[in-house]
Amino acid sequence: MNNLEMKDVWKSYKQRNKEEVTVLKGINMLVKQGDMVAIMGPSGSGKTTLLNIVSGIDCYDKGEIYIEDSDLSDLNKEEVALFRRRRLGMVFQDFNLIESLSAKENILLPMILEKRFADEQEEQAERILKILNIQDIQNKNIAEISGGQKQRVAIGRALINNPAIILADEPTGNLDSRSTKEVMDYFTLINQELTTSILLVTHDTFAASYCNKVVLLKDGVFKNEIDKKGSRKQFIDSITEMLAIIGGEQDDIL
Ligand SMILES: Nc1ncnc2c1ncn2[C@@H]1O[C@H](COP(=O)(O)OP(=O)(O)OP(=O)(O)O)[C@@H](O)[C@H]1O
């Protein structure tokens, strides 16, 4: 099954007192059930714009986007917001958790907003807390837990409604190397055990090496992609080589 399909998607912005800039130029992309794909590329290449368009946060000018069987262009603003809550899981660099709620309440938020039955919420929360191994912090306030734990709570919230795909924008951008490894291990676990599709944007070659595919976006165009073969060390070498050849601006990318 295809969880995400983009066909010839274009996006421009009109910046104040400046000419219109075309940020995405005919993007085609397919994410199938169980895929874990990283998008890399220099700053300003359009990575966040692409995620914002897929999640319906931003609109696109031309092309087609399907999430499972739903055509995003058929939905109005309210329907897109509902669709996002029900069918997409979102993970952000700065966690976007609600400080006044506990870890468990944050995870349950999409179900609470949907007014799902209390016993159904409890059952789902128990399942998710166990998968992410955060039962012991479920009643803590967000301020009391570490960055890595916050991101696991955010992944739990993204997972709670069994999403078609998880979209993650720099999910390890605010984490140290130990927490980066931990969070990427949990993304891998849910990808492999629950076959949840994951599309993430990252500047971090190490984080990208957990994916089965890395695509390079530059100037709004996909320039190259590589599939994971062999060990993660070999994949890191291949990604680094691709960035060096295509990017020509490796310092900017890494
Ligand atoms: N709302 C907006 N209005 C006008 N221009 C925008 C808007 N959002 C993004 N842009 C422009 O679109 C281009 C791509 O931005 P985007 O944030 O998608 O890049 P990125 O690859 O995610 O960059 P980074 O790695 O620095 O986060 C940039 O030139 C940016 O200035």
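Helix axes here are lines fitted to C-alpha atoms over the stretch in contact, and the angle between two of them runs from 0 to 180 degrees between N-to-C directions. The model described is a predicted one.

## Helices H5 and H6

Helix H5 covers residues 147–159 and helix H6 covers residues 177–193; their axes come within 9 Å and cross at roughly 20°. Angles under 35 degrees count as roughly parallel, and H5 and H6 are therefore roughly parallel to each other. The crossing of H5 past H6 is right-handed.

On the H5 side, the residues in contact are Gly147, Gly148, Gln151, Arg152, Ile155 and Leu159. They meet Ser179, Glu182, Val183, Tyr186 and Ile190 of H6. Sorted by class, this contact of H5 with H6 holds five nonpolar, four polar and two charged residues.

## Arg178 in H6

Arg178 is a residue of helix H6. Is Arg178 buried or exposed? Arg178 has 10 C-beta neighbours inside 10 Å, so it counts as exposed. In sequence, Arg178 and Gln135 are 43 residues apart; in space, their C-alpha atoms are 20 Å apart.

## The six-stranded sheet

Six strands make up an open sheet with mixed pairing, and their order is S6-S7-S8-S3-S9-S10. The edges are strand S6 (88–92) and strand S10 (221–227), each of which pairs on one side only. From one strand to the next, the twist averages 20°.

Strands of a sheet pair through backbone hydrogen bonds, either parallel or antiparallel. S6 and strand S7 (residues 165–169) run parallel and are joined by five bridges. Within this pairing, Val91 has Ala168 of S7 as its bridge partner. S7 also runs parallel to strand S8 (residues 197–201), again with five bridges. Here Asp169 stands opposite Val201 in S8.

## Burial of strand S7

How many of the five residues of S7 are buried? Five of the five are, and the strand is mostly covered. For burial, the cut-off is 20 or more other C-beta atoms within 10 Å of the residue's own.

In a regular strand the side chains alternate between the two faces of the sheet. In S7, Ile165, Leu167 and Asp169 are on one side, while Ile166 and Ala168 are on the other. Both faces of S7 are covered, with the residues on each side all buried. The buried residues include Ala168, the bridge partner of Val91, and Asp169, which stands opposite Val201.

## Helices H3 and H4

Helix H3 (residues 103–113) packs against helix H4 (residues 118–131) at an angle of about 130°, and the two axes are 10 Å apart. That angle makes H3 oblique to H4. H3 passes H4 in a right-handed crossing.

Which residues make the contact between H3 and H4? From H3 they are Lys104, Ile107, Leu108 and Met111; from H4 they are Gln121, Gln124, Ala125, Ile128 and Leu129. By class, the contact of H3 with H4 comprises six nonpolar, two polar and one charged residues.

Technical notes. Residues numbered from 1 in each chain as written. Predicted model: local features only at pLDDT ≥ 70, side-chain atom pairs only at ≥ 80, totals over all residues. Helix = DSSP H or I, 4+ residues; strand = E, 2+ residues; numbered from the N terminus. Parallel < 35°, antiparallel > 145°, perpendicular 65-115°, else oblique. Left-handed = near helix turned anticlockwise from the far one by under 90°. Contact = placed C-beta atoms within 7 Å. Nonpolar A, V, L, I, M, F, W, Y, C, P; charged D, E, K, R; others polar. Pairing = 2+ DSSP bridges. Buried ≥ 20, exposed ≤ 12 C-beta atoms within 10 Å, placed from the backbone.
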